[in-house]
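Hi,

Here is the structure I said I would pass on.

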Amino acid sequence: AAPGPRGYTALRDEAVKLFNSLQQLESERDPVPLMQGVLQTCLDLPPLVDEIYCQLVKQTTEPPAPGGQGDLHYWQLLTCMSCTFLPSPPVLRFLRFHLDRRSRFPTSEMAKYACFIREALGKTKGRECVPSLEEILVLMRRQEMICTVHCPGAPACRVAISSHTTAEEVARELVSRLGLSQSPNLFALYEQSRRREQPVGGTTLLADVLTRFE
């Protein structure tokens with residue numbers, strides 16, 4: 001088959017490559033780049049999203065070493081997937097059943113991931129970019145990122161954001177912090193690089209903006 005976008009081959013071949021990446025994930029000391037590679041392939045080839053979800057459900061069902069490094073890495077990748085892509089409705093139902101079954105043991109670390117993933121799936125609407133390396137690291141710990149926003153005439157503000165936080169939500173929080181709620185002016189966030197400065201759309205996810213910076 002002729003190469004597809006970004007040099008990808010046939011879907012079946014790419015699915016095999018992703019399966020091999022998942023197998024490698026079990027023993028990888030630094031799984032973050034490998035996780036980002038899997039996410040990028042799924043973003044570029046959407047038909048593979050369901051395949052990876054199904055593989056991850058399979059790998060996290062009765063693993064040979066529950067709670068071990070391999071099991072943990074699979075749950076962490078599943079966490080990153082849940083904040084980036086929504087599977088098709090049949091796979092989503094299958095996934096939720098899997099998460100509910102794991103949640104029956106609320107004190108386990110994997111149950112905490114299951115609860116986090118279930119909540120994330122209710123907020124995920126699709127991403128323009130895959131999570132940055134920093135975002136993957138915080139998702140692996142089920143935490144939030146800290147975003148620094150520079151405000152004219154005021155000190156820089158540090159804001160905690162999740163994978164689902166929009167520019168409009170951050171702008172509203174900053175307006176409240178700076179005591180500008182009664183101001184008649186409109187406020188927005190701007191993305192600034194060496195070459196340009198442009199407004200960030202209100203519905204844009206801040207996590208996508210941070211990935212572009214990376």
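A quick definition before anything else: I call two residues in contact when they have heavy atoms within 4.5 Å. On that basis, among contacts in the chain between residues at least 6 apart in sequence, 65% join residues at least 24 apart.

Some housekeeping. This is a predicted model, where local features need pLDDT of at least 70 and side-chain atom pairs count only at pLDDT 80 or more, while totals for chains, interfaces and linings use all residues. Residues are numbered from 1 along each chain as its sequence is written, and side-chain values use heavy atoms, with hydrogens and water left out.

Overall layout: the chain has nine helices and four strands (DSSP runs numbered from the N terminus, with H or I of at least four residues for helices and E of at least two for strands). Going along the sequence, the order is α-α-α-α-α-α-α-β-β-α-β-β-α. The C-alpha trace spans about 60 × 50 × 35 Å along its principal axes. Of the 214 residues, 43% are buried, where buried means under 20% relative accessible area with a 1.4 Å probe and protein chains only.

An unreviewed entry gives "domain: Ras-associating" for residues 143-214, a span that is 26% helix and 22% strand, with its end C-alpha atoms 19 Å apart. "Domain: FERM", also from an unreviewed entry, is listed for residues 145-214; there the figures are 27% helix, 23% strand and 14 Å between the end C-alpha atoms.

One residue I'd click on is Thr 60, in the loop between helix 3 (48-59) and helix 4 (69-82). What does its side chain pair with? One partner is the side chain of His 98, in a polar contact of 2.8 Å (N or O atoms within 3.5 Å, one able to donate a hydrogen and the other to accept it; residues adjacent in sequence count only if both atoms are side-chain atoms). A polar atom of the Thr 60 side chain also lies 2.7 Å from the backbone oxygen of Leu 56. Thr 60 is buried, at 0% relative accessible area. Leaving aside neighbours within four places in sequence, Thr 60 touches Asp 71, Tyr 74, Trp 75, His 98 and Arg 102.

Now the pockets. A pocket is an open set of points on a 1 Å grid over the protein atoms alone, where a 1.4 Å probe fits, with protein on both sides within 12 Å along at least five of seven lines; lining residues have an atom within 4 Å of a point. The largest pocket has a volume of about 670 Å³. It is lined by 24 residues, and the closest to its centre are Val 149, His 150, Ala 188, Leu 189 and Tyr 190. Helix 9 gives the most to this lining, with four residues. The second largest pocket is about 210 Å³. Its lining has 15 residues, with Phe 116, Lys 123, Glu 144, Ser 162 and His 164 closest to the centre. Helix 6 (109-121) and helix 7 (133-140) each supply at least two residues of that lining.

Back to helix 9: its buried residues are Leu 206, Ala 207, Asp 208, Val 209 and Thr 211. Their cover includes helix 7, strand 1, strand 2 (157-161), helix 8 and strand 3.

Cheers

Terms used:
UniProt positions are given in the numbering used here, feature names are shortened, and annotations may be inferred rather than shown by experiment. Buried means under 20% relative accessible area, exposed over 50%, partly exposed in between (1.4 Å probe, protein chains only). Grid points are joined across faces, edges and corners, and a volume is the space filled by probe spheres set on the points.
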